[in-house]
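Hello,

Here is the structure we talked about. Please open it and follow along with the notes below.

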Amino acid sequence: MKSVFSIVTGLNRAFFALAAALIFAVVPILLFEVISRYAFDAPTVWAMEASSLIFGPHFMLAGPYLLHLKGHVAVDIFSDKLTGRPKAVADILSFLIIATFAGVFAWVSWPLAVNAYSLGETSFSAWNPPVWWLKFVVPLAFAMLCAQALVEGFRTLPVLKDKSEAGA
């Protein structure tokens, strides 16, 4: 089971690294746009849209590994006061809610991505690039978030069995 956990977390780490690398593409694109627009009075039709198309996958693909790193915003007013078993139960319930939410989103977004592909969906802008491929990032990212939430929940289970951390 630990090898499955390692595979899921490792894959999410790779997607996280890809997402981080995508930002390095945005900077030169926007720099080119600014120089073109203000220095040569020749704005591009593609730069702003390209940066938006990059930001979507950036945020979506980084999310699952951020869950592992505990990097998401959390309302922990109550859970920070918990220790031992009660903390583990609260964490597991949280991971189950996240996994359910992400699983439903992955399930619902998959047909939309397939439909976008079958239609050869484009952005309908002046540049009009294909965007169907972007629609596949959504179910992929949510499926990986679901998997990572389940992994984090399973990693928390041993705390429930540990008598020494029964808590208050």
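First, a definition. Rings of Phe, Tyr and Trp (its six-membered ring) pair if their centres lie within 6.5 Å. Planes over 60 degrees apart count as edge-to-face. Please keep in mind that this is a predicted model.

Now the rings. The structure holds 11 aromatic pairs. One of them joins Phe-101 and Phe-142.

Where do Phe-101 and Phe-142 lie? Phe-101 is in helix α3 (residues 84-119). Phe-142 is in helix α5 (residues 137-161). The pair therefore ties together parts that are 41 residues apart in sequence.

Phe-142 has 14% relative accessibility and counts as buried, because buried means under 20%.

There is also a cluster. Ring pairs link Trp-110, Tyr-117, Trp-132 and Phe-136.

Next, a proline. Pro-64 lies in helix α2 (residues 47-69). Its relative accessibility is 2%, so Pro-64 counts as buried.

Which residues does Pro-64 touch, leaving out those up to four places away in sequence? They are Asn-12, Ala-141, Met-144, Leu-145 and Gln-148. Ala-25 is 39 residues from Pro-64 along the chain. The C-alpha atoms of Pro-64 and Ala-25 are separated by 21 Å.

Best wishes

Terms used. Residues numbered from 1 in each chain as written. Predicted model: local features only at pLDDT ≥ 70, side-chain atom pairs only at ≥ 80, totals over all residues. Heavy atoms only, no water. Phe/Tyr/Trp six-rings, centres within 6.5 Å; stacked < 30°, edge-to-face > 60°. Helix = DSSP H or I, 4+ residues; strand = E, 2+ residues; numbered from the N terminus. Buried < 20%, exposed > 50% of the residue type's maximum accessible area, 1.4 Å probe, protein only. Contact = heavy atoms within 4.5 Å.
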